[in-house]
Amino acid sequence: MSRLTRSKATAPLNLSERFEFKGRSNSTSVESQSNVQKRKVDENSATEEKKPKTEEIIKRGKNVKKDKNHSKSDEAAASKAEESCATKVEDIEDCCKISSPVKNAEEKVKWFPDNWEKVLSNIREMRSSQDAPVDDMGCHKTMDPEAPPEVQRYHALVSLMLSSQTKDQTTYAAMLKLREHGLTVDNILKTSDNDLRKLINTVGFWKRKVEYIKKTSAILKERYDGDIPNTVEGLMELPGVGPKMAHLCMTTAWNKIHGIGVDTHVHRISNRLGWVQKPTKTPEATRKALESWLPPKFWFEVNHLMVGFGQQICRPIGPRCSDCLNKALCPVGRTSSGSPKRKKKS
């Protein structure tokens, strides 16, 4: 329910009709609506009895009588009566059992991880050198800066499609080959599957990605005039594009933030740090958990920070907990005696 405005031009609010108080006359509705409204009438009864019975102005379901000559004293009394007659959201909630979204938002208890701001600040400090693979070879570095905007966006999309289950170094090398070959929608459609395979066969699941890239390029040609979709939903309709790629592509290609791009690094680190209220099993579940509490102003940087942090310190195997500034704040770090070594294969 939105808050009620106080405007003389606004039609009087009939609470009996609005909140289904049926079978009650105007003379008895005030007495029966709520104890809160009775108290307001009693407090102003003395003022209302002294005012001349001339012209009636309907204010929010109650009558406020005002003299036509309205001297200064009468104006003050009328103003006081108007304030007492103004129906508050809380009063309506009490008598009608209708909840207020604003009130609920204020009273809602929101979960936050312990010390998350300090943890984030420490990650920024550990990533200040910007020397992780993602910094030099991430998808934002694979686009040709001299290409037209729509071609650059296509580069960002293809780079993200190649990056799945593939290291940044390998993705970057494959993108350089594609750009040298001619990475445009029209040229990729002209390229045979076999030639495309030779260009990207170093990335993971390259056979499937050849199919995805060719099908996606055909869709972009047919539906988007060679450009890429500018919505998360549109991107996710493309073959091989999931939520992570869609959100990252919106940020990289369109410079729009609609959500957090959660890959294996962000998923792993968020669970280690306790940044999810309950352990999550998938990156998509982690994305929803993070977005439920992390302020949107941090959504842009959290992926890039955590990916580099995961590549250098909070590694999937053998995390360097002893070198981490969050060792004392991280549930995993507090129980770690050092940097576990990789298990040797027997």
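This is a predicted model: local features need pLDDT of at least 70, side-chain atom pairs count only at pLDDT 80 or more; totals for chains, interfaces and linings use all residues.
1. Residues are numbered from 1 along each chain as its sequence is written, and side-chain values use heavy atoms, with hydrogens and water left out.

2. Helix α12 (residues 193-200) and helix α13 (residues 206-223) have axes that come within 10 Å and cross at roughly 125° (axes are lines fitted to C-alpha atoms over the stretch in contact, with angles from 0 to 180 degrees between N-to-C directions; helices are DSSP runs of H or I, at least four residues, numbered from the N terminus). That makes α12 oblique to α13 (under 35 degrees is roughly parallel, over 145 roughly antiparallel, 65 to 115 roughly perpendicular, the rest oblique).

3. On the α12 side, D193, L196, R197 and I200 meet W206, K209, V210, I213 and K214 of α13 (contact means heavy atoms within 4.5 Å). By class, that's five nonpolar, no polar and four charged residues (Ala, Val, Leu, Ile, Met, Phe, Trp, Tyr, Cys and Pro are nonpolar; Asp, Glu, Lys and Arg charged; the others, Gly among them, polar).

4. Now α7 (residues 116-126) and α18: their axes come within 10 Å and cross at roughly 60°, so this pair is oblique too. L120, I123, R124 and M126 of α7 touch E301, L305 and F309 of α18, a contact with five nonpolar, no polar and two charged residues.

Technical notes: Helices (H or I, at least four residues) and strands (E, at least two) are DSSP runs, numbered from the N terminus.
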